[in-house]
Amino acid sequence: MHELKKKIIIILAVLMSFSAGVYAAPSIKLIVNGSQVKNAEAKIINSTTYVPLRAISEMLGATVNWDNNTKTVTIVDKKNNNTAPTNMSQTINGVTVTIDRVVQDSDSLKIYVTYVNRTNKEVMTGDSLAKIVSNGKQYSFDSDFNFERWYEKDVPHADYFIEPGVSEQSVIFFKPVSSDTINIVLSADFENYRFNNVKVNK
């Protein structure tokens, strides 16, 4: 019984010294551009330093957005904030679709979109599958309406298929709507990209 007590005491002593060592470990300071990041804990796991993404990004003037539907983290720096808001860009299976802006005049509503292929295969862009919803009514892509405007207005028109590493821009035309915001469904590589409450600039 005496031996058992000695073993228990030794084990407890080892555990206590290990715990003390953990709690006594120095904290890691995060300094970005000369300023310390407050309330942000860095960790070393398997000799690799991990830092909090949001805290670092915001210190650098970027915004971080989490899309739970696509399980995507999007970071946009300050210089790109006006052209690509975080909720206007989605990535599915390595293909990113970004709505750069939506502009309407008396002739048409124009959706400026960028497709980026980050896969290792050819992917299909989907201008002709675009749809919008305005005031509870759905409007589908009109090929005749778009054909006239693509060439008369000399605007970008993405190829139907783009190679790996390629970025293509397009303008998709719809007839004018009365709403200040619309829902947009775009397509690329047979996947739907949904953007809700998109502002229409008039």
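This is a predicted model: local features need pLDDT of at least 70, side-chain atom pairs count only at pLDDT 80 or more; totals for chains, interfaces and linings use all residues.

Residues are numbered from 1 along each chain as its sequence is written, and side-chain values use heavy atoms, with hydrogens and water left out.

On confidence, pLDDT is the predictor's own score for each residue, from 0 to 100. The protein chain averages 80, with 73% of its residues at 70 or more.

Now for the charged pairs. Side chains of opposite charge can pair when their charged atoms come close. Counting a salt bridge as a side-chain nitrogen of Lys or Arg within 4 Å of a carboxyl oxygen of Asp or Glu, the whole structure has 5. In one of them, Lys110 meets Asp105 at 3.0 Å, N to O. Are these two buried or exposed? Taking buried as under 20% relative accessible area, exposed as over 50% and partly exposed as in between (1.4 Å probe, protein chains only), Lys110 is buried at 7%, and Asp105 is partly exposed at 35%.

Next, Lys121 pairs with Asp189, with their closest N and O atoms 2.9 Å apart. Lys121 sits in the loop between β9 (109-117) and β10 (123-124), and Asp189 in the loop between β15 (181-188) and β16 (191-199), so this bridge ties together parts 68 residues apart in sequence. Strands here are DSSP runs (E, at least two residues), numbered from the N terminus. Lys121 is partly exposed, at 39%.

Lys202 and Asp180 make another bridge, at 3.6 Å, N to O. Lys202 lies in the segment after β16 and Asp180 in the loop between β14 (167-174) and β15, so the pair links parts 22 residues apart in sequence. Lys202 is exposed at 57%, and so is Asp180 at 53%.

Finally, the backbone. Asn93 is not a glycine, yet it has a positive phi of about 50°. Asn93 lies in the loop between β7 (89-92) and β8 (95-104) and is exposed, at 60%. Asn135 also has a positive phi of about 50° without being a glycine; Asn135 lies in the loop between β11 (131-134) and β12 (137-140) and is exposed, at 58%.

Conventions: Helices (H or I, at least four residues) and strands (E, at least two) are DSSP runs, numbered from the N terminus.
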